[in-house]
Amino acid sequence: SHQDMEKIIEKIDPVIDCDLLIDRFKTGNSPPHDFSFEEIHPKSGTKFGTLGRKKSKSKLNKLEENKNLFSKKQDIEKKTELIESNIAKGHKEMKAIQKMVQSYTQNPKFGDPKKFKEELDIVIIKVQKLESELHLLNLELSDVNYLLEQKKNLSNSPLITPHTICKMDND
């Protein structure tokens, strides 16, 4: 109905929507740096080279590799968040079971605390496995971050200028 549409329109938050869109389409690539140009004064017999517009296959593969690294980073971060959440739940479950064990130990008339001790052991093992997975993911994330940083540093390397092209043609 018309009222429903108006309610939905009122819920729109352009800032949040923009942030969601930006996060969804982030590539992780660094913005290009400014090109530095040198003024060239033609001398007799000097040839000037031109830069082609075609991208080589290796360049396209590197761009694809960067996208893969960044999406891999995002996947690892999502998995990390999920595992951290599960670890927090596991710790809460451990505390609750420890209270049950303590209550049953202090008041034997409630029953045998042994069944809760077994359950506690299972939860402890589950949390330890999750912590181990988290550690591995953090190592993998640091590797991916290192590779992304290396790629970023390579993209910051000096560019070919018309002056260097002129020198190459003269050699």
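Reader: Which helix does Ile 124 lie in?
Author: A word on the source: this is a predicted model. Its helices are numbered from the N terminus. Ile 124 lies in helix α4.

Reader: Is Ile 124 buried, partly exposed or exposed?
Author: Buried requires under 20% relative accessible area, and exposed requires over 50%. Ile 124 has 27% relative accessibility, so this residue counts as partly exposed.

Reader: How far apart in space are Ile 124 and Glu 93, C-alpha to C-alpha?
Author: Along the sequence, 31 residues separate Ile 124 from Glu 93. In space, their C-alpha atoms are apart by 9.4 Å.

Reader: Which residues does Ile 97 contact, leaving aside neighbours within four places in sequence?
Author: Beyond its sequence neighbours, the partners of Ile 97 are Phe 116, Glu 119, Leu 120 and Val 123.

Reader: How many salt bridges does the structure hold?
Author: One joins the side chains of Lys 72 and Glu 140, at 3.8 Å from N to O. Another joins Lys 126 and Glu 93, with the closest N and O atoms 3.8 Å apart. The structure holds two.

Reader: How many residues apart in sequence are the parts that the Lys 72 and Glu 140 pair ties together?
Author: The two side chains meet in a salt bridge. Lys 72 lies in helix α3 and Glu 140 in helix α4, so the pair ties together parts of the chain whose separation in sequence is 68 residues.

Reader: How many residues apart are Lys 126 and Glu 93?
Author: Lys 126 forms a salt bridge with Glu 93. That pair links distant parts of the chain, with Lys 126 in helix α4 and Glu 93 in helix α3. Their separation is 33 residues.

Reader: What is the relative accessibility of Glu 93?
Author: Lys 126 is partly exposed, with a relative accessible area of 42%. Glu 93 counts as partly exposed too, at 31%.

Reader: Which side chain of opposite charge is nearest to Lys 73?
Author: Lys 73 sits in helix α3. This lysine is buried yet has no salt bridge. A salt bridge needs nitrogen and oxygen within 4 Å. The nearest side chain of opposite charge is 4.2 Å away and belongs to Glu 77.

Reader: What distance separates the C-alpha atoms of Lys 26 and Ser 71?
Author: Lys 26 is found in the loop between α2 (14-25) and α3. Lys 26 touches Phe 70 and Gln 74, not counting residues up to four places away in sequence. Ser 71 is 45 residues from Lys 26 along the chain, and their C-alpha atoms are separated by 8.8 Å.

Reader: Which residues do ring pairs link into a cluster?
Author: The whole structure contains two aromatic pairs. Ring pairs link a cluster of Tyr 104, Phe 110 and Phe 116.

Note on methods: Residues numbered from 1 in each chain as written. Predicted model: local features only at pLDDT ≥ 70, side-chain atom pairs only at ≥ 80, totals over all residues. Heavy atoms only, no water. Contact = heavy atoms within 4.5 Å. Helix = DSSP H or I, 4+ residues; strand = E, 2+ residues; numbered from the N terminus. Buried < 20%, exposed > 50% of the residue type's maximum accessible area, 1.4 Å probe, protein only. Lys, Arg positive; Asp, Glu negative; His and termini not counted. Phe/Tyr/Trp six-rings, centres within 6.5 Å; stacked < 30°, edge-to-face > 60°.
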